[in-house]
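Thanks for coming, everyone. I'll walk through one model today, and please hold comments until the end.

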Amino acid sequence: MTKEQLIEQIRLKKSFLCIGLDVDLDKIPEHLKELEDPIFEFNKQIIDATHHLTVAYKPNIAFYEAYGIKGWQSLEKTINYLNQNYPEIFTIADAKRGDIGNTSTRYAKAYFEDLSFDSITVAPYMGRDSVEPFLAFKDKFTILLALTSNAGGLDFQTLEYNDEQLYQRVLKTSLNYKNSENLMYVVGATRPEYFQKIRKIVPNHFLLVPGVGAQGGSLQDVCKYGLTDDIGLLVNSSRGIIYASNGTDFAEKASEKSLELQQEMKTILDAQ
Ligand SMILES: O=c1ccn([C@@H]2O[C@H](COP(=O)(O)O)[C@@H](O)[C@H]2O)c(=O)[nH]1
């Protein structure tokens, strides 16, 4: 998918919502557990009930790896289901990969070619040659961790060196990477006070913003400085949407929670 196609979808749906598919078998409704592939069935029903309210889905790969080969098969079925039935949806493999160049190339092939995701999250710590193999793929996006939403994110990401915090250095340096137009960045919704500074460095790149919902981040605060003329935001909520109910009405309740966020986004976009 191109950036222009993503922006078009956001304008059409009046939504820059990303729904996180972090499926935990301990949290899904009992009646699904008897099925052959409860993870896929859960995802399928969530997707069918929410696809008109969201522009992106983000399976966090850890939740699939945790169930071994069966989890991987559920992931594969989920991405195939999305690509076949809702090709207009932007897909994010939240895998937080990155390694020496030839290894990164294998990760990129696994997620962009074999699984056909539109994007993948990547850790920047190993530098240029660990990121550029992902950027080499046309119409695919590499979402670099910049300022994460978790408390421990501040252990390193805000350390200062030469009047610059580490996350600022990550943003600035990555702009010099080959094909840097294929970059997006992760910035936590729990860090609203940093958005203005971040937008000064990356005024046009999309930010993937987790942390709304279960982690307590505010959509309004994120949009104040995060929103651009081309929107530039994908705001993720996982647990707050997919576990709104663990009864037989789970998909309906997920849809209601998605609608609440979409309506809030619509109001923000209409006022732009
Ligand atoms: O800084 C980060 C980077 C990634 N995440 C991931 O996003 C979702 C958030 O889930 P919620 O249930 O909405 O809290 C999850 O997959 C995280 O691993 C993040 O939270 N913060």
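Which residues are the closest to the ligand? They are Asn60, Thr148, Pro210, Ser238 and Arg239, and 19 residues surround the ligand in total. Here a residue is near a molecule or strand if its C-beta atom, placed from the backbone, lies within 6 Å of it. Strand S10 (233-237) and helix H10 (239-242) are the elements that give two or more residues to this shell. Helices (H or I, at least four residues) and strands (E, at least two) are DSSP runs, numbered from the N terminus. By class, the shell has three nonpolar, 13 polar and three charged residues. Ala, Val, Leu, Ile, Met, Phe, Trp, Tyr, Cys and Pro count as nonpolar, Asp, Glu, Lys and Arg as charged, and the others, Gly among them, as polar.

A word on the source. This is a predicted model: local features need pLDDT of at least 70, side-chain atom pairs count only at pLDDT 80 or more, and totals for chains, interfaces and linings use all residues. Residues are numbered from 1 along each chain as its sequence is written.

Next, the annotations. UniProt, in an unreviewed entry, lists residues 16-254 as "domain: Orotidine 5'-phosphate decarboxylase". UniProt positions are in the numbering used here, feature names are shortened, and annotations may be inferred rather than shown by experiment. That span is 38% helix and 19% strand, and its end C-alpha atoms lie 16 Å apart.

The unreviewed entry also places an "active site" at Lys96. Lys96 sits in strand S3 (residues 90-97). The cut-offs: buried means 20 or more other C-beta atoms within 10 Å of the residue's own, exposed means 12 or fewer, and partly exposed is in between, with C-beta atoms placed from the backbone. Lys96 contacts Thr121, Val122, Ala123 and Leu145, leaving aside neighbours within four places in sequence. Contact means that the two C-beta atoms, placed from the backbone, lie within 7 Å.

Now look at the backbone of Lys96. Its phi is near 50°, a positive value in a residue other than glycine. Most residues other than glycine have a negative phi. Asn162 also has a positive phi, about 50°, and is not a glycine. Asn162 is in the loop between strand S6 (160-161) and strand S7 (164-165).

On to the core. Nonpolar side chains tend to be buried together in soluble globular proteins. The largest nonpolar core has 81 residues, and those touching the most other members are Ile143, Leu144, Ala146, Tyr185, Leu208 and Val235. Such a core is a set of buried Ala, Val, Leu, Ile, Met, Phe, Trp, Tyr and Cys residues joined through C-beta atoms within 7 Å. Strand S5 (residues 141-147) gives the most to this core, six residues. Take Ile143: beyond four places in sequence, its contacts include Ile92, Ile120, Met184, Tyr185 and Leu208.

Leu234 is in strand S10. Leu234 is buried, because 26 other C-beta atoms lie within 10 Å. Its contacts beyond four places in sequence include Phe16, Cys18, Phe206 and Leu208. Leu234 and Asp37 are 29 Å apart, C-alpha to C-alpha, and 197 residues apart in sequence.

Helix H2 (residues 38-50) has 13 residues and reaches 18 Å from its first C-alpha to its last, close to the 18 Å expected at 1.5 Å a residue. That expected span is 1.5 Å times one less than the number of residues. Its buried residues include Phe40, Phe42, Ile46 and Ile47. Those buried residues pack against strand S1 (17-21), strand S2 (56-59), helix H4 (68-85), H10 and helix H11 (250-270).

Ala108 is in helix H5 (residues 101-114). Ala108 is buried, because 21 other C-beta atoms lie within 10 Å. Ala108 touches Pro133, Phe134 and Phe137, not counting residues up to four places away in sequence.

Last, Glu256, in helix H11. Glu256 is partly exposed, because it has 16 other C-beta atoms within 10 Å. Questions, please.
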